Amino acid sequence: MSASIEIRSVPHPAPTPADVRAKLIADPGFGKIFSDHMVTVRWSSEKGWHDAQLRAREAFTLDPAAAVLHYAQEIFEGMKAYRGADGQVLLFRPLENARRFQRSAERMAMPILPEEIFLQAVETLVRADVDWIPGGDGASLYLRPFMFADESFLGVKPAGSYIFCVIACPVGAYFKGGAKPVSVWASQDYTRAAAGGTGAAKCGGNYAASLIAQAEAIRNGCDQVVFLDAAEKRWVEELGGMNVFFVFEDGSVRTPGLTGTILPGITRDSIITLARSQGLNVVEGPYSFQQWQEDAASGALREVFACGTAAVVSAIGTVRHKGGEFTISGAVEGPVTTKLRAGLTAIQRGQADDAHGWRHVVAL
């Protein structure tokens, strides 16, 4: 039995004129300009998934007692639509986003959205706003599926009604002028998640909790924060919104394992697969901050990079902490980082063979 749903199209009363849209997407930045439409699907304990609509992007009306405002029942995903080399519109591993969305919902005691409806909603929005996909190297249409509790009730319990929504924004290349190694601040006062917590869920609360540490990083002249584990404050976990990889002189690659306290990144999983297909030995396991410092000093550690949907792959050049700072290989991006980024982006954009079946073509 198919889990698809009928998405009713509500005509947009005033879509953005083509000339205005062209100016907006010429230099869109990230996350500030939005496309014309959104897709919404409602869920209630009485009706299940219902009332699916493609409609004009507009504000939600929420009761002051809406559960999301008080108990933070909210989850989201991040993904992109690309213009392929042959003109096709491509998504990258969208079913993995759908599955992670389901896992996040389960952890946050929210209803499980079928994969088919997730993909159907994303594709419907992409088709409606396909002209918002920018041209140019590194540009794409960033997609934000999310779900929140809208029941008006102040009791502490899972809500009885939710709204699932997909919005989109055109984005340019993440790094203007080319990728440069970033600096990170190793937070020793704040942690992102603990065992048994919500670290593996993509929920807003995780990001809210990271903002004070990110602000600390900025004050210390760094681009990003890197978190250590909550129990011992010894083991490297992840950046504020990206997974981290270490490349050693013997050609091996290490990344923290999925123990429930870090986000299982889709880019992370893709990098592991791609690296192994290139003959690299990838180990998923613990790596201490002290060992990071020692390996950087000895030269055993040659490269460090972070990965995620927005930046794809970003080299880490400098690490600062309360005791000082150190650099990795002169704070210059290394060849493994460069090759993995180039290989992954080429697959995403239809410029290379897709041996793993990761590309998904949106039928227009």
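**Entry: helix H5**

I began with what the buried residues of H5 touch: they pack against strand S9 (182–187) and strand S10 (224–228). I noted at once that this is a predicted model.

Which residues of H5 are buried? I listed Asn206, Ser210, Ala213, Gln214, Glu216 and Ala217.

Next I checked the length of H5. The helix runs over residues 204–219 and has 16 residues. From its first C-alpha to its last it reaches 23 Å. At 1.5 Å a residue, 22 Å is expected, and the value is close to that.

Where does H5 bend? I found the bend at Leu211, and it is about 35°. Then I looked past the end of the helix. Gly221 follows H5, and its phi is positive, near 75°.

**Entry: helix H3 on its own**

I turned to H3, residues 94–107.

I then wrote down the buried residues of H3. They are Pro94, Asn97, Ala98, Arg100, Phe101, Gln102, Ser104 and Ala105.

**Entry: H3 against H4**

At what angle do H3 and H4 pack? I read about 125°, with the axes 9 Å apart. H3 is therefore oblique to H4. The handedness came next: this crossing is right-handed.

I looked up the residues that meet there. From H3 they are Pro94, Leu95, Asn97, Ala98, Arg99, Phe101 and Gln102. From H4, residues 115–128, they are Glu115, Phe118 and Leu119. I compared this with my list of buried residues in H3. Pro94, Asn97, Ala98, Phe101 and Gln102 are buried, and they also meet H4.

Is Ala109 buried, partly exposed or exposed? Its relative accessibility is 40%, so it counts as partly exposed.

Ala72 was my other case. Its phi is near 55°, a positive value in a residue other than glycine. I placed Ala72 in the loop between helix H2 (67–71) and strand S4 (74–76). Ala72 is partly exposed too, since its relative accessible area is 39%.

**Entry: H6 against H8**

I moved on to another helix pair. H6 covers residues 266–277 and H8 covers residues 335–348. They pack at an angle of about 110°, and their axes are 10 Å apart. H6 is therefore roughly perpendicular to H8. Their crossing is right-handed.

Which residues of H6 meet H8? I noted Thr267, Ser270, Ile271, Leu274 and Ala275. On the H8 side the partners are Leu340, Gly343, Leu344 and Ile347.

**Entry: Ser140**

I picked Ser140, which lies in strand S7 (residues 140–149). Is Ser140 buried or exposed? Its relative accessible area is 0%, so it is buried.

I then asked what surrounds it. I left aside neighbours within four places in sequence. Ser140 is in contact with Lys80, Ala81, Tyr82, Pro134, Cys169, Pro170, Val171 and Arg349.

**Entry: Gly160**

Gly160 is in the loop between S7 and strand S8 (161–171). Although Gly160 is a loop residue, it counts as buried because its relative accessibility is 17%, under the 20% cut-off.

I looked for its contacts, not counting residues up to four places away in sequence. Gly160 touches Trp43, Ser44, Ser45 and Glu151. I also noted a pair that is separated along the chain. Gly160 and Met110 are 50 residues apart there, and their C-alpha atoms are separated by 9.0 Å.

**Entry: Ala231**

I ended in the loop between S10 and strand S11 (236–239), the place of Ala231. Ala231 has a relative accessible area of 76%, so it is exposed.

Definitions and conventions: Residues numbered from 1 in each chain as written. Predicted model: local features only at pLDDT ≥ 70, side-chain atom pairs only at ≥ 80, totals over all residues. Heavy atoms only, no water. Helix = DSSP H or I, 4+ residues; strand = E, 2+ residues; numbered from the N terminus. Expected span 1.5 Å × (residues − 1). Bend = angle between axes of the 7 residues up to and from the residue. Buried < 20%, exposed > 50% of the residue type's maximum accessible area, 1.4 Å probe, protein only. Contact = heavy atoms within 4.5 Å. Axes fitted to C-alpha atoms, helices over the stretch in contact; angles between N-to-C directions. Parallel < 35°, antiparallel > 145°, perpendicular 65-115°, else oblique. Left-handed = near helix turned anticlockwise from the far one by under 90°.
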